[in-house]
Amino acid sequence: MKLEQYQSAVESSNIISKTDINGIITFVNEEFCAISGYKHEELIGQNHNIVRHPDVAASVFRELWQTILQKKTYKSTVKNRAKDGSTFYVNTTVFPILDEKGEIEEFIAIRYDVTQSVLLSEALIAKDKELEYLNATLEYRVNEQTKALLELNATLEDRVREEVEKNREKDRFLFQQSRLASMGEMIANIAHQWRQPLSELNITLYKMNKLFHKHGDERDVHFEESYLHAKKIITKMSDTIEDFRSFFSPDRQSEPFKLSRVASEAVDIMQGTLERNEINVVIDIKNDAMVEGYFNEFSQVLINLINNSMDAFSTKNIKNRLIYIEIDTTVARDAIMKLSDNAGGIDASIMHRIFEPYFTTKHASAGTGLGLYMSEMIIKNSMKGSIVAQSNAFGVCFTLTMPIAKEET
Ligand SMILES: Nc1ncnc2c1ncn2[C@@H]1O[C@H](COP(=O)(O)OP(=O)(O)OP(=O)(O)O)[C@@H](O)[C@H]1O
Ligand SMILES: [Mg+2]
């Protein structure tokens, strides 16, 4: 009676199985079925190795059998496989049960589930390994970081300098832009102020002409000529004002335009000064081309170049002053404008510096040294092109190259 109570106490708290001497299952309890996932009837009559896990080496089973066949108790933690393929770990004790003669009758195995604690300790071991690895590589990683930091430090100064320079360039550009904008405003005001008196002058002239004809029926040729001439001058004056107004207009808009148009308009605007300085300008159109960009800024570049030539003509006191502007295209679909003069050229020793901001050979009151710098910025940024200078004892040639928007035949 007492024995039965012991038996049921053990059976309900542990995972129990019995096998015959050959390892064939003769008994399993509910707990065994639950953990292995097999039904009672699937287990009875099967070899106990039905729950064997393929990871477990054959030598382990050899040792088990050696132990229990010597009628000794075997104890170990075993990795098993359930019906669904999942793994479970059990702390196992196998007892050989002997008959009256002392021969082995059967084996009874009592186990309890240790899966959770095995998994935990496996995770711990993995973490330990990871830590070991991290420790081992720590020095190396610190060294790498230090190297990167040192490099960063070394280039930091350069990068700061670069950024500062970039900012300065932006400032200069903005300054130039705002100067142009305020100039534009001023010119627009002047244009507005002049338009009224000009049209009054026109009306006065018209009245004078009428009055004159009232008195004498004979048409005076000289009077007629003077009248037409005066009218022409007034037209020219209002055209000029309009030109200036649109040239300095602060509305910045990228548009396609012909190289020939920008050249002739820039020369037109400079016409008065060019004549006063007795400079002859030739525009030679080999192949015209449409380019895309900012018309006003491009003319600003031409005016800069013409002003530079003009300055050189007067400092070197050149006779027969000539500015030659050639417009052409290349097979590589580039539009080319070459502007050359016969003003004696640029000294080879300063040639590499002329595009630098604030580089000037002129007296502070005559030049800021920003002309060519701004010109290069405009050609690069607004026209997506390039500007190069060549020089010899005869004069300078600036070559402006930019992509063609459309060819003009
Ligand atoms: N056509 C030229 N002939 C001779 N020297 C030139 C010519 N164009 C430029 N230079 C030289 O290049 C320098 C730089 O020109 P840049 O237009 O940048 O400045 P600048 O004319 O001196 O001053 P800014 O144009 O700002 O009033 C000039 O000071 C001059 O020495
Ligand atoms: Mg200049």
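A residue counts as near a molecule if its C-beta atom, placed from the backbone, lies within 6 Å of that molecule. This report describes a predicted model, beginning with the ligand.

Twenty is the number to keep in mind here: of the 20 residues around ligand 1, the nearest are N308, T360, G367, G371 and L372. By class, this shell holds nine nonpolar residues, nine polar ones and two charged ones.

Two helices, α8 (295-315) and α9 (371-381), each supply at least two residues of the shell around ligand 1. The biggest contribution to that shell is from α8, which gives four residues.

## Overall form

The protein chain contains nine helices and 13 strands. Its radius of gyration is 51 Å, well over the 22 Å that the globule rule gives for 409 residues, so the chain is more spread out than a compact globule. Along the principal axes, the C-alpha trace spans about 165 × 55 × 40 Å.

Of the 409 residues in the protein chain, 18% are buried. Among contacts between residues at least 6 apart in sequence, 63% join residues at least 24 apart.

## Two domains

The protein chain is divided into domain 1, residues 2-113, and domain 2, residues 252-407. The C-alpha centres of domain 1 and domain 2 lie 101 Å apart.

Two residue pairs give further distances across the model. T273 and I97 are 176 residues apart in sequence, and their C-alpha atoms are 126 Å apart in space. E11 and N381 are 370 residues apart along the chain, with 90 Å between their C-alpha atoms.

In soluble globular proteins, nonpolar side chains tend to be buried together. In this model, the largest nonpolar core has 38 residues, and L259, A263 and L302 have the most contacts inside it. At least two residues of this core come from each of α7 (259-276), β7 (279-285), β8 (289-293), α8, β9 (321-329), β10 (334-341), α9 and β12 (396-403). The largest share, nine residues, is from α8.

Which residues does L302 touch, not counting those up to four places away in sequence? They are V262, A263, A266 and L339. Apart from this core lies another, of eight residues, including I15, V28, F32 and F88.

## Helix α9

Helix α9 is mostly covered, with nine of its eleven residues buried. The buried residues of α9 are G371, L372, Y373, M374, S375, E376, M377, I378 and I379.

## Two positive phi values

Most residues other than glycine have a negative phi. E278, a residue other than glycine, has a positive phi near 55°. The position of E278 is the loop between α7 and β7. Is E278 buried or exposed? E278 is exposed, because it has 11 other C-beta atoms within 10 Å, and the cut-off for exposed is 12 or fewer.

Y358 is also not glycine, and its phi is positive, near 70°. This residue sits in the loop between β10 and α9. Y358 counts as exposed because 10 C-beta neighbours lie inside 10 Å.

S199 is in helix α5, which covers residues 115-215. S199 has 12 C-beta neighbours inside 10 Å, and therefore counts as exposed. T235 is 36 residues from S199 in sequence, and the two are 9.7 Å apart in space, C-alpha to C-alpha.

E11 belongs to helix α1, residues 2-13. E11 counts as partly exposed because it has 16 C-beta neighbours inside 10 Å. Leaving aside residues up to four places away in sequence, E11 touches I16 and N29. T273, in helix α7, is likewise partly exposed, with 13 C-beta neighbours inside 10 Å.

How values were computed
Residues are numbered from 1 along each chain as its sequence is written. Chains are lettered from A and ligands numbered from 1 in the order in which they are written. This is a predicted model: local features need pLDDT of at least 70, side-chain atom pairs count only at pLDDT 80 or more; totals for chains, interfaces and linings use all residues. A residue is buried if 20 or more other C-beta atoms lie within 10 Å of its own, exposed if 12 or fewer, and partly exposed in between; C-beta atoms are placed from the backbone. The radius of gyration is taken over C-alpha atoms; the globule rule is 2.2 Å times the number of residues to the power 0.38. Two residues are in contact if their C-beta atoms, placed from the backbone, lie within 7 Å. Domain bounds come from an automatic or database domain assignment. Ala, Val, Leu, Ile, Met, Phe, Trp, Tyr, Cys and Pro count as nonpolar, Asp, Glu, Lys and Arg as charged, and the others, Gly among them, as polar. A nonpolar core is a set of buried Ala, Val, Leu, Ile, Met, Phe, Trp, Tyr and Cys residues joined through C-beta atoms within 7 Å.
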